[in-house]
Amino acid sequence: MIETALESLKMSPRFRDRIAHIEVLPPREPQFGELGAPLSAGISHYLNSRHIRLYSHQCQAVEALRAGRNVILCTPTASGKTLGFDLPVFETLESDRQATALFVYPTKALSNDQLKVFKDMERATGIRADAAVYDGDTPVSRRGRIREMSRIIVTNPHELHHVLPWHSKWERFFRNLRYVVFDEAHRYRGVFGSNVAFVIRRLRRIARFYGASPRFVLSTATLANPQEFGEKLVGAPFAVISEDGSPRGGKTFLFYNPFFDGVGTLSPHQETRDLFLYFVKRGLQTLCFTASRRMAELIALWSKEATAAGSALAEQIAAYRAGYLPQERRLIEDGLKRGLLTGVTSTNALEVGIDIGSLDCVIISGYPGTVLATWQQAGRSGRRNRDALAVLVGFQNPLDQYLMRHPESFFGKPHEQAIIDLANPYILSGQLLCAVAELPFETGSEENFPAAHVGEMLGELAAEGLVKETPHGWVYTGRGRPVEAVGLDHIARDAYRITSDGVLLETMDTSQAYREAHMGAVLLHQGESHVVRRFDVENHLVEVERKDVDYYTQAIKNVDLEILGTRATRRLGQMAVHLGELEVSEMTLGYKVIQNDQVVAREELDLPPLRFRTTGLWFTIPNELRRAIYDRGLNFGGALHALEHAMIAILPFEVMCDRWDIGGLSTPGHPGTGEPTIFLYDGYEGGIGLTEKAQGLMERVTRLTLELIRDCPCETGCPACILSPKCGNDNRPMDKQGAFLLLEGMLERMGGPGTRV
Amino acid sequence: MKEMSERNKNHTPGGHIGRRLRESLERASDVVVIERDQTTAARPFAAAWVDYREYHEAQRLKSELLRRYRGKALEDVLPGEEVRTARGVCYRLVSRNASRLRTVDPAEAGRRILSDLKLLYGVGEVTEASMKRQGIGTIADLADHPRFGGQARSILKMVEEGDTMGLLDWIGRGFQKSHPLALFSSGFHREEDFILIDIETLGMFQRPIILLGLARVHGNEIRVEQYLLRRIDEEPAALAGLLTHLGGRRAFVTYNGRTFDIPYIRERLAYYGIRANIEGPHFDVLHFSRRAWRDCVPDCKLTTLEHCFLGIRREDDVPSALVPEFYESYMRTGNPGPLVPIVEHNRRDLLTLASLFSKLHEEWQP
């Protein structure tokens with residue numbers, strides 16, 4: 001069925017030109033494994049009664065954990081990772097009647113799903129663990145019992161952060177702690193991940209205080225740097241298990257580019273609708289992931305309208321999104337499983353964890369931002385004995401278009417690096433304070449905390465009266481509870497609170513709030529648009545109103561920066577890439593209102609300048625390159641500007657982050673260098689490790705940037721290559737050809753492999 | 001590591017990171033000053049509060065104390081002694097006060113407990129009345145009862161052995177923890193068994209206990225011992241000092257200690273890794289006072305009851321919520337002035353606690 005659908009798609013004049021790439025992933029037989037020592041009768045019974053035979057990677061995980069090693073499992077979605085660590089945990093709980101295990105999931109929904117698995121395992125194996133979820137929803141009346149009785153506790157990082165200060169009430173649990181499992185660990189990157197890394201260090205400290213040294217298990221999607229990531233997150237060495245032994249049905253992955261001609265005739269949403277209908281009409285069960293909640297609704301609606309009046313097909317199409325009631329969601333999940341629904345549109349609410357069975361076809365409307373998330377969504381289609389289809393619809397932005405033109409970069413070996421930064425002084429100071437308040441901090445024996453930073457930081461905290469050095473170690477003497485002044489999602493607690501009708505929607509770091517939630521801004525929250533009605537600088541409060549609008553806004557800002565110091569210089573042939581501390585001043589001047597790609601209004605804003613210190617990288621452009629640009633009559637400033645935009649746009653492809661996490665400045669002359677310079681900096685106070693990582697990947701980043709510009713069919717620059725929707729200078733000046741020449745010259749001077757043009 | 005430390009240096013000129021953190025902690029701080037126009041309903045939940053006038057009076061008091069005791073040594077202003085403990089040296093102030101604890105005698109306590117048949121699970125008002133009509137006057141009469149015999153014998157045993165822990169537990173489960181019979185269980189203890197505890201801290205959990213006050217009966221006096229931290233690093237020693245008073249048939253008497261003082265002490269012991277068992281029979285006078293006097297006093301703050309029943313009006317007192325601020329001011333300046341009212345406040349609290357404990361027994365005498 002899929003094959004014929006695919007064949008006619010390839011032949012169809014409507015679709016065929018837009019097919020940018022077809023990758024056939026052949027079916028794979030399972031690789032089973034054997035365990036050195038057999039599992040106990042109870043656990044074997046659990047597996048046998050479910051006809052489960054262990055795959056090779058599951059066996060490797062069990063053996064590594066039995067051998068006392070920390071394990072990071074990074075096999076794909078649905079490969080049965082969970083079993084790989086659940087089994088050794090239960091094995092330990094059975095042999096040691098006191099043993100306990102902590103499971104940390106990023107969301108409450110995932111915690112509750114996992115709890116069901118544990119309850120099931122307890123029943124089938126006869127091993128009592130009193131597994132329980134302990135999070136913000138756990139009633140106070142149940143908490144004491146869980147702390148005192150449960151041997152498996154499932155929680156989330158925020159709850160863990162708040163629980164650690166109360167460790168004396170958790171003594172039994174921590175004293176016997178043998179395993180700590182972080183599932184979906186790739187989510188712990190960036191600011192959130194760096195905070196979680198310290199929460200884990202605090203947990204390890206407390207466990208050690210009670211005489212326990214638990215093994216750690218991380219389960220992640222495919223990463224380029226699993227070992228480094230695990231070691232940074234936990235602060236201990238890891239065994240990496242990444243050879244997937246689970247079976248796969250065949251899958252065809254199609255890249256579909258509405259902008260194959262550089263222009264496009266229909267919007268990518270309309271293209272998505274047509275593809276969706278195409279598959280649904282052929283009876284293929286299809287799930288369509290959209291970028292926003294509104295689009296999920298619209299595509300479902302348009303599709304229903306497009307079906308013949310009175311046709312049963314309209315009944316078989318539904319939209320699914322995060323805001324639905326559990327009951328409505330179950331109905332849809334059930335409809336999919338039982339085949340009553342043929343087509344469902346969804347935001348990424350369905351991305352992980354929720355069981356909907358497997359489908360024939362997945363459409364991903366717009367690159368979700370990471371290769372990792374794309375594979376997770378694509379993993380929703382596919383059955384063991386049947387072929388499946390996944391389609392990625394490219395949007396008109398640099399990353400999408402780069403992928404459309406370089407599919408090999410997607411299907412090749414993983415290259416996304418998950419970044420954690422233990423050196424951000426804002427994160428470190430807050431977390432250090434939490435640690436000091438939990439147990440006296442003895443600088444000599446806290447190898448888990450970055451020693452070089454800690455000493456100085458403690459001195460600074462002491463000067464504020466927050467800590468005091470005593471013969472028993474540093475103790476906490478400040479006001480308030482540190483965990484309440486330290487959040488995990490932000491650099492600093494003075495984040496802006498975004499509220500709608502008095503309900504808190506989200507919180508944002510100051511720089512993000514200035515950029516995205518200024519007065520009059522259109523703000524997307526979970527795919528729904530809101531208009532900002534009040535921006536209160538003093539109280540860090542933003543009030544928004546839920547409203548559907550047909551325009552969007554973008555802030556106009558002016559960036560200035562000063563080099564405070566150079567930390568490291570990396571020489572690449574004749575080029576040099578510097579990394580150091582910058583003081584950035586971002587002046588938000590106003591914003592543009594954009595409707596149908598036209599600027600319809602400009603509004604001024606009166607906001608104080610935002611100054612912050614961060615980490616950044618920079619490089620200067622050699623004189624002869626500059627001359628070459630001038631000699632050809634090109635715009636040098638425009639060339640620098642275009643290069644800066646393209647490089648920022650491509651960076652998330654290597655260093656997992658959002659395009660907006662990185663700021664930039666290009667200038668034909670900077671006082672700090674005296675030369676034409678391009679700066680890229682971490683958009684977070686104190687830096688978050690992004691540009692630090694990028695410095696080490698500079699040849700590759702430069703090459704990708706060059707390919708992005710070279711392979712875009714536009715003449716003078718478009719949103720798919722050098723134009724940035726959030727450029728503070730209105731995307732002016734811009735010189736695409738000049739940028740290309742600069743990149744070519746840079747690569748030559750870096751001594752990297754020659755470029756083909 | 002070298003390059004990292006350079007980075008750190010670059011980031012903290014002028015200590016702005018520490019300052020920001022302190023400010024954000026202060027925003028999340030527990031003490032809130034209630035402005036004049038704020039109604040009770042608008043008072044922030046779960047935060048200690050002081051009203052506007054109290055706050056300003058306290059500020060005036062603090063400045064005056066700082067002036068009066070400038071340049072004086074703590075040891076001269078608050079004479080005490082150094083005590084050596086397993087966890088180092090701490091500083092102790094001792095005062096003797098002509099006062100006693102008056103409870104009921106053990107026979108009376110036993111009689112009262114045993115005459116309440118409702119202590120048996122399954123016996124309610126109606127059954128009790130009918131049993132009493134049948135001449136069953138006390139639980140002792142039911143020792144051989146086919147249904148209640150087992151329970152009756154358990155209670156008898158606890159009464160005979162003076163097992164207050166067991167009795168408090170039993171009474172608390174059947175009735176309420178604040179039931180008069182729970183209070184009367186104290187009658188199985190000698191006066192010397194009681195240890196009255198009241199702590200002063202730098203805030204609500206996770207911060208040091210700066211004064212650990214306890215009171216015990218010695219002969220015709222109540223002896224108050226206060227372990228005062230001259231420096232924060234004396235906290236483990238002060239905790240160890242408290243521990244020397246435990247053991248034996250000790251019973252705790254506190255005001256809200258069930259929720260605050262005892263868990264707080266437990267938490268601080270855990271913080272320093274001091275292993276100690278501070279379980280024991282516990283008479284929380286706040287709970288009994290609420291039951292006894294809720295309807296005849298404006299609130300059940302210790303100072304309110306002190307004023308209503310003992311006619312004491314404190315002069316130059318530091319409101320509990322401002323103790324942290326006073327102590328911080330001592331830490332900052334080294335001037336012992338602000339400690340003077342803290343020590344007096346704590347001593348006064350302990351003595352009032354003793355009086356209220358005695359008064360409750362009187363109140364509930366038939």
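User: How do you know how much confidence the predictor places in the complex, in terms of ipTM and pTM?

Analyst: The predictor gives the complex an ipTM of 0.81 and a pTM of 0.87. For chain B, the average pLDDT is 87, and 90% of the residues score at least 70.

User: Which residues of chain B have a pLDDT that stays under 50?

Analyst: One stretch is residues 1–14 of chain B, where the model has 29 contacts beyond four places in sequence. Another is residues 35–47 of chain B, with ten such contacts. Where pLDDT is low, the predicted coordinates should not be read in detail.

User: What makes up the contact between chain A and chain B?

Analyst: Chain A brings 47 residues to the contact and chain B brings 40 residues. On the side of chain B that touches chain A, the elements giving two or more residues are α1 (2–11), α2 (16–27), α11 (261–271) and α14 (323–333) of chain B. Of these, α2(B) gives the most, with nine residues. By class, that side of chain B holds 15 nonpolar, twelve polar and 13 charged residues.

User: Which residues make the contact of α12(B) with α15(B)?

Analyst: From α12(B) come V285(B), F288(B), S289(B) and A292(B), and from α15(B) come L353(B), L356(B), F357(B), L360(B) and E363(B). The residues of this contact divide into seven nonpolar, one polar and one charged. Ser counts as polar and Glu as charged, so S289(B) is the polar residue and E363(B) the charged one.

User: Why is α22(A) described as roughly perpendicular to α25(A)?

Analyst: The axes of helix α22 (residues 636–650) and helix α25 (residues 736–750) of chain A cross at roughly 75° and come within 7 Å. An angle of 65 to 115 degrees counts as roughly perpendicular, and roughly 75° falls in that range, so the term applies to α22(A) and α25(A).

User: What makes two residues of the contact of α22(A) with α25(A) polar?

Analyst: In this contact, F636(A), G638(A), A639(A), A642(A), L643(A) and A646(A) of α22(A) meet K736(A), G738(A), A739(A), L742(A) and L743(A) of α25(A). The classes are eight nonpolar, two polar and one charged residues.

User: Where is P733(A), and what joins R732(A) to P733(A)?

Analyst: P733(A) is in the loop between α24 (698–711) and α25 of chain A. The peptide bond joining R732(A) and P733(A) is cis, with omega about -10°.

User: What is the phi of H51(A), and where does H51(A) lie?

Analyst: H51(A) has a positive phi of about 55°, although it is not a glycine. Its place is the loop between α2 (41–49) and α3 (56–66) of chain A.

User: What describes the crossing of α3(A) and α4(A)?

Analyst: The axes of α3(A) and helix α4 (residues 81–95) of chain A cross at roughly 35° and come within 8 Å. α3(A) passes α4(A) in a right-handed crossing. In α3(A), H57(A), Q58(A), A61(A), V62(A), L65(A) and R66(A) meet L83(A), G84(A), F85(A), L87(A) and P88(A) in α4(A). This contact has seven nonpolar, three polar and one charged residues.

User: How many Å separate the centres of domain 2 and domain 4 of chain A?

Analyst: The C-alpha centres of these domains of chain A are 36 Å apart. By the domain assignment, domain 2 of chain A covers 41–241 and domain 4 covers 496–549. Chain B is assigned domain 1 (74–102 + 189–364) and domain 2 (106–176), with C-alpha centres 35 Å apart.

Definitions and conventions:
Residues numbered from 1 in each chain as written. Chains lettered and ligands numbered in written order. Predicted model: local features only at pLDDT ≥ 70, side-chain atom pairs only at ≥ 80, totals over all residues. Contact = placed C-beta atoms within 7 Å. Helix = DSSP H or I, 4+ residues; strand = E, 2+ residues; numbered from the N terminus. pLDDT = per-residue confidence, 0-100. Domains from an automatic or database assignment. Axes fitted to C-alpha atoms, helices over the stretch in contact; angles between N-to-C directions. Parallel < 35°, antiparallel > 145°, perpendicular 65-115°, else oblique. Left-handed = near helix turned anticlockwise from the far one by under 90°.
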